[in-house]
Amino acid sequence: EEELGRLYCNVDVAKYMGFNPCFKQVHTKAPFRGDDHCELVVRPTDEREREDFAGADADWSYLDREG
């Protein structure tokens, strides 16, 4: 179960914006960054972030960063 939870920690960010592009989830803690658990916060997106997420060729991995 713990391993399955770690997988969901990685995919929840994209699923969240796919559901409602006006908001994004940002990892504040994540096992793939060396943390022992997954922690996410919800932040509003701006117009550029929504356009990048919807674009076919955009690298939108930057959306998962605070600040």
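The buried residues of helix α2 are Glu49, Asp52 and Phe53, where buried means under 20% relative accessible area, exposed over 50% and partly exposed in between (1.4 Å probe, protein chains only). Viewed down the axis of α2, these buried residues fall within an arc of 100°, so they line one face of the helix; the arc is that of the directions from the helix axis to the C-beta atoms. Glu47, Glu51 and Ala54, on the other side of α2, are exposed. Helices (H or I, at least four residues) and strands (E, at least two) are DSSP runs numbered from the N terminus.

The model is predicted: local features need pLDDT of at least 70 and side-chain atom pairs count only at pLDDT 80 or more, while totals for chains, interfaces and linings use all residues. Residues are numbered from 1 along each chain as its sequence is written, and side-chain values use heavy atoms, with hydrogens and water left out.

A salt bridge is taken as a side-chain nitrogen of Lys or Arg within 4 Å of a carboxyl oxygen of Asp or Glu, and the count by this rule is two. In one, Lys24 pairs with Glu49, with the closest N and O atoms 2.7 Å apart. This pair links distant parts of the chain, as Lys24 lies in strand β1 (residues 23–29) and Glu49 in helix α2 (residues 47–54), 25 residues apart. Lys24 is buried at 8% relative accessibility, and Glu49 is buried at 8%.

Asp52 and Arg48 form a salt bridge at 3.6 Å, N to O. Both residues lie in α2, four residues apart, about one turn of the helix. Asp52 is buried, with a relative accessible area of 19%, whereas Arg48 is exposed at 54%.
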